[in-house]
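Please look through the sequence and the structure shown below before reading on.

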Amino acid sequence: MKKLIFTAVAALATLSLSAQTQVIAHRGFHAQEGSARNTISSLLNAQKLGVYGSECDISMSADDSLMVVHGSRHPDRSIPAPHRVHVTRDVYKDIRAISCEGGNIVPTLREYLVQTKKYPGTKLVIEIKNHKDDTPERQQFFTKKIVEMVAEFGLEKQVDYIAFSRIVCDELVKLAPNNEIAYLNGDLTPAECKERGYTGIDYSKKVLRIHPEWVKQAHDLGMKVNVWTVNNTEDIQYFIDLGVDFITTDNPLETIKLLDNSHKGKKAKKAKKMRK
Ligand code: MG
């Protein structure tokens, strides 16, 4: 009997462990010497760190290349031409010619998927970007191309999708119904997202601070909750305590540390309760 109770407690403990908040490295783990956002280097750092996932931004160039670049200007708006490109108006070779910090190059999605495959334990969280010039038809076109390329690599189970665009998310519901699909824009309730077939909400910290009740609502609907981009200690702790499923952060080390502490705290509390 004693053994049975112990097994039940152990099972519960495992369950509560698996329900813990997990870490997603925003644009990879780039806060490292020689690394840069959205590069093979930041993806590799996240993979080595062993977090749940590494997020990346996919944009389509004027000549239909899928590239890991945030945009719409690369490297950013403050850099004058000709040292700056526009990720939807310029072509592959021109975007590729402008490197990121530390000499890191802008990878293609294909190169990113090759690297993703090397670490099956780390998910690639693909944000499908839609820029000002991207018509609804073009959004549907690149969404299909991305889903097809993921399938070509056999990585369907190692990829989650996120997007601000409802057109992109709706297309994903049709093309990748078995994947996690989370909406980023913050203007739909969990119930409205569920209705459209999305599996999660991935909202900014500002939106979820205004609507903390959306976390429980989403969970009650069987949906996941992700929050972006949470970098400082106070915010990270707030969202751990709120019970979100994922924290997307530029600061994965601090997030892991706070999660460990809160995990230890919970375990100590539980042990104290059991002793009573
Ligand atoms: Mg992103």
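## Strands, a metal site and rings

Strand 2 and strand 6 pair in the parallel sense, and six bridges join them. The model in which this pairing is found is a predicted one. Within the pairing, aspartate 57 stands opposite glutamate 127 in strand 6, and both of these residues return below as donors to a metal ion.

**Strand 2 and its partners**

With strand 1 it pairs in the parallel sense over two bridges, and here the bridge partner of alanine 25 is serine 54 in strand 2. With strand 3 (residues 66-68) the direction is antiparallel, and three bridges join the two strands; serine 59 stands opposite methionine 67 in strand 3. Strand 2 and strand 3 form a hairpin with five residues between them, and in the turn aspartate 64 has a positive phi of about 65°.

Is strand 2 mostly covered or exposed? Strand 2 is mostly covered, since eight of its eight residues are buried. The burial concerns both faces: Gly53, Glu55, Asp57 and Ser59 lie on one side, Ser54, Cys56, Ile58 and Met60 lie on the other, and all of them are buried.

**The magnesium ion**

Which residues coordinate the magnesium ion? The donors are Glu55 (OE), Asp57 (OD) and Glu127 (OE), at 2.0 to 2.1 Å. Along the sequence these donor residues are spaced E-x1-D-x69-E. Glutamate 55 belongs to strand 2 (residues 53-60) and glutamate 127 to strand 6 (residues 123-128), so the pair ties together parts that are 72 residues apart in sequence. Glutamate 55 has 3% relative accessibility and therefore counts as buried, and glutamate 127 counts as buried because its relative accessibility is 5%.

Strand 7 in turn runs parallel to strand 8, to which three bridges join it; alanine 163 stands opposite tyrosine 183 in strand 8. The chain reaches strand 8 from strand 7 through helix 6 (residues 166-175), and this β-α-β crossover is right-handed.

Strand 7 (residues 159-163) is mostly covered, with five of its five residues buried. Val159, Tyr161 and Ala163 are on one side of strand 7 and Asp160 and Ile162 on the other, and all of these residues are buried.

**Aromatic rings**

The structure holds six aromatic pairs, and two of them are set out in the table.

| Ring pair | Distance between centres | Angle between planes | Arrangement |
|---|---|---|---|
| Tyrosine 52 and phenylalanine 246 | 4.6 Å | 40° | tilted |
| Tyrosine 183 and tyrosine 203 | 6.3 Å | 75° | edge-to-face |

Tyrosine 183 lies in strand 8 (residues 181-183) and tyrosine 203 in strand 9 (residues 200-204), so the pair ties together parts that are 20 residues apart in sequence. Both tyrosine 183 and tyrosine 203 are buried, and ring pairs link Tyr183, Tyr198, Tyr203 and Trp214 into a cluster.

In the other pair of the table, tyrosine 52 is buried, with a relative accessible area of 16%, and phenylalanine 246 is buried as well, with a relative accessible area of 8%. A ring also meets a charged side chain elsewhere, for arginine 209 lies over the face of tyrosine 238, at 3.8 Å from the ring centre.

Alanine 31 has its place in the loop between strand 1 (22-25) and helix 2, and glycine 34 lies in the loop between strand 1 and helix 2. Alanine 31 is partly exposed, with a relative accessible area of 49%, and glycine 34 is partly exposed, with a relative accessible area of 48%.

How far apart in space are alanine 31 and serine 42, C-alpha to C-alpha? They are 8.1 Å apart in space and 11 residues apart in sequence. For glycine 34 and glutamate 101, which are 67 residues apart along the chain, the C-alpha atoms are separated by 7.7 Å. Leaving aside its neighbours within four places in sequence, glycine 34 is in contact with Ser41 and Asn104.

Conventions. Residues are numbered from 1 along each chain as its sequence is written. This is a predicted model: local features need pLDDT of at least 70, side-chain atom pairs count only at pLDDT 80 or more; totals for chains, interfaces and linings use all residues. Side-chain values use heavy atoms; hydrogens and water are left out. Donors are N, O and S atoms within 2.8 Å of the metal (3.2 Å for Na, K and Ca); water is not among the atoms, so sites may look incomplete. Helices (H or I, at least four residues) and strands (E, at least two) are DSSP runs, numbered from the N terminus. Buried means under 20% relative accessible area, exposed over 50%, partly exposed in between (1.4 Å probe, protein chains only). Rings of Phe, Tyr and Trp (its six-membered ring) pair if their centres lie within 6.5 Å; planes under 30 degrees apart count as stacked, over 60 as edge-to-face and the rest as tilted. A charge sits over a ring if NZ of Lys or CZ of Arg is within 6 Å of the ring centre and within 35 degrees of the ring normal. Two strands pair if DSSP finds at least two bridges between them. A crossover is right-handed if, with the strands pointing away from the viewer, the path from the first strand over the helix to the second runs clockwise. Contact means heavy atoms within 4.5 Å.
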